[in-house]
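I opened my notebook to get to know a new structure. Here is what I looked up, entry by entry.

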Amino acid sequence: GQIDIQANGLATPVNVQLHGSVNLGGVSGEGQVYWSRTEMQLDATISLQRLPLNLIEPYLRGTLAVRELSGEADARVRYRLQSGGEQAAVHSLDGALTFTDLAFVDPSSQQTAFQVQDGRVVIEQVDLLHREARLGAIELRSPHAFVLQTLTGLNWASFFSPVSANSTSEA
């Protein structure tokens, strides 16, 4: 289709489609983008197949201190971004994630801290502006956890990064 770009942005919202791969996994999606000098809107549905989880480990570091993340995931998420304009700012996603052979290591002992054969997570909302996450359901099959109490505390407490009450991230 035709895209009408003006000096100040797009004249009307544009529908986009995405098809590709990340390593051996597939990526597809569709959405709508609008951009002007004062406003940005993006509403997209993205599907991932066989995404290697080690690729998302760097993005989790602000919230979860997991190391050596492994396994694969399939996901279908809706991503929304609203910046500027008259509507309230939004930077969020929701959807569902299924995974296989999920595992990560306890950095202090170098032992596998958590391992699960397969599972599913329903994501009600991840608010990227306010660094909040609401999960609707977590289903795990054959989970195994390594728990270690030391003089410095329980190893599982170190996996979660504290978030201050007034911290926000840029959209």
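Before anything else, I noted how a pocket is found: on a 1 Å grid over the protein atoms alone, a pocket is an open set of points with protein on both sides within 12 Å along at least five of seven lines, and its lining residues have an atom within 4 Å of a point. I also noted that this is a predicted model, where local features need pLDDT of at least 70, side-chain atom pairs count only at pLDDT 80 or more, and totals for chains, interfaces and linings use all residues. Residues are numbered from 1 along each chain as its sequence is written, and side-chain values use heavy atoms, with hydrogens and water left out.

**Entry: a pocket**

Which residues line the second largest pocket? I found Pro13, Gln32, Val33, Tyr34, Gln41, Leu42, Asp43, Arg80, Leu81, Gln82, Gln87 and Val90. Strands S4 (25-35), S5 (39-52) and S6 (67-84) each give two or more residues to this lining; strands here are DSSP runs of E, at least two residues, numbered from the N terminus. The volume of the second largest pocket is about 150 Å³, taken as the space filled by probe spheres set on the grid points.

**Entry: salt bridges**

I looked for salt bridges (a side-chain nitrogen of Lys or Arg within 4 Å of a carboxyl oxygen of Asp or Glu). The count comes to five.

One of them joins Asp43 and Arg78, with the closest N and O atoms 2.5 Å apart. Asp43 lies in strand S5 and Arg78 in strand S6, so this pair ties together parts 35 residues apart in sequence. Asp43 is also on my list of pocket-lining residues.

Glu72 pairs with Arg50, the closest N and O atoms being 3.6 Å apart. Here Glu72 sits in strand S6 and Arg50 in strand S5, so the tie is between parts 22 residues apart in sequence.

Arg141 bridges to Asp118 at 3.0 Å between the closest N and O atoms. This pair links strand S9, which holds Arg141, with strand S8 (residues 112-127), which holds Asp118, 23 residues apart.

**Entry: a surface patch**

Is Ile138 buried or exposed? Ile138 is exposed, at a relative accessible area of 52%; exposed means over 50%, buried under 20%, and partly exposed in between (1.4 Å probe, protein chains only). Ile138 belongs to strand S9 (residues 132-141). Together with Leu135 and Leu140, Ile138 forms a nonpolar surface patch with about 270 Å² of accessible area. Such a patch takes nonpolar side chains (Val, Leu, Ile, Met, Phe, Trp, Tyr) joined within 5 Å, from residues with over 30% relative accessible area and no salt bridge.

How values were computed. On a 1 Å grid over the protein atoms alone, a cavity is a set of points where a 1.4 Å probe fits but cannot get out, and a pocket is an open set with protein on both sides within 12 Å along at least five of seven lines; lining residues have an atom within 4 Å of a point. Helices (H or I, at least four residues) and strands (E, at least two) are DSSP runs, numbered from the N terminus. Patches are made of residues with over 30% relative accessible area and no salt bridge: like charges are joined within 9 Å, nonpolar side chains (Val, Leu, Ile, Met, Phe, Trp, Tyr) within 5 Å. Accessible areas come from the Shrake-Rupley method with a 1.4 Å probe; for residues, only the protein chains shown count as cover.
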